[in-house]
Amino acid sequence: MSRKYKFHNGDGMYFVSFAIVYWIDLFTREDYNQCIVNNLNFYTSKGMEIFGWCIMPSHIHLIFRDQNGQPDQLLGRFKSYTSKSLQQTIIEHPGESRREWLLWMMKHAAANTSNVSNRMLWQHHNKPVELFSAAVFEQKMHYLHQNPVAAGHVTEAHHWKYSSAIDYCGGKGFVKLMGI
């Protein structure tokens, strides 16, 4: 892995993106999005300071800092926790017509990696980028909030329900943010 994509500064603020295996459009149901929102809010009690977030159909963007100085471990625990809760939500969702296929794809992804035994929901890489200046922070925040616009889902960033863009426009989003 490139040295460029690692958590080098435990106290730093980072932009990360992580995707569902095979870029599956999982976040098409309210229950799955709400699972992520609940887990983001839960992890604020574990030291995750969230500055920006966006759930896209197949991936998530997040700007965060770890109060405990171990962002790689915190993100790993978050991904593990959300993987288990999302898989359980998929299994229990009464209207999930893709259940068998989704679980099979996760099992197939796990078979192709050495450190996952049953099912793999998230791709391994996060591509952390340290936000070492206000300009880099603003660039990544703009990218994060404009992602649903660029994908054609909405015409205004603050119209995307599962994003922090509304918080930066004076509204109130679903996730507790730092500094707002």
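# Why these labels? Calls in a predicted model

User: Met56 is found in the loop between β2 and β3. Why does Met56 count as buried?

Analyst: Its relative accessibility is 3%, and buried means under 20% relative accessible area, with exposed over 50% and partly exposed in between (1.4 Å probe, protein chains only). So Met56 counts as buried. Bear in mind that this is a predicted model, where local features need pLDDT of at least 70, side-chain atom pairs count only at pLDDT 80 or more, and totals for chains, interfaces and linings use all residues. Residues are numbered from 1 along each chain as its sequence is written, and side-chain values use heavy atoms, with hydrogens and water left out.

User: Which residues is Met56 in contact with, leaving aside neighbours within four places in sequence?

Analyst: Phe27, His61, Asn147, Pro148, Ala151, His153 and Trp160, where contact means heavy atoms within 4.5 Å. Take Ala151: Met56 and Ala151 are 95 residues apart in sequence, yet their C-alpha atoms are 9.2 Å apart in space.

User: What makes Ile36 buried?

Analyst: Ile36 has 0% relative accessibility, so it counts as buried. Ile36 belongs to helix α1, residues 30-44; helices here are DSSP runs (H or I, at least four residues), strands are E runs of at least two, and both are numbered from the N terminus. Not counting residues up to four places away in sequence, Ile36 touches Phe27, Ile55, Ile60, Thr82, Leu86 and Trp122. With Thr82, 46 residues away along the chain, the C-alpha separation is 6.8 Å.

User: How do α1 and α2 pack?

Analyst: Helix α2 covers residues 71-92, and it packs with α1 at an angle of about 145°, the axes being 10 Å apart. The axes are lines fitted to C-alpha atoms, for helices over the stretch in contact, and angles run from 0 to 180 degrees between N-to-C directions. Among the residues that meet are Cys35, Ile36 and Leu40 in α1, and Phe78, Thr82 and Leu86 in α2. By class, that contact has 11 nonpolar, four polar and two charged residues.

User: What about α4, where does it bend?

Analyst: At Leu144, by about 30°, and Pro148 follows within four residues. The bend is the angle between axes fitted to the seven residues ending there and the seven starting there. As for its span, the 17 residues of α4 (134-150) should give 24 Å and the ends are 23 Å apart, which agrees. Leu144 and Pro148 are among the buried residues of α4. What covers the buried residues of α4 includes β1 (13-19), β2 (48-55), β3 (59-66) and β4 (129-130). After α4 comes Gly152, with a positive phi near 85°.

User: Why is Tyr22 called partly exposed?

Analyst: Tyr22 sits at 39% relative accessibility, so it counts as partly exposed. Tyr22 lies in the loop between β1 and α1 and has a positive phi near 60°, though it isn't glycine.

User: And what makes Trp23 partly exposed?

Analyst: The value for Trp23 is 47%, so it counts as partly exposed. Trp23 lies in the loop between β1 and α1, and its phi is positive, about 55°, although it is not a glycine.

Notes: Nonpolar A, V, L, I, M, F, W, Y, C, P; charged D, E, K, R; others polar. Expected span 1.5 Å × (residues − 1).
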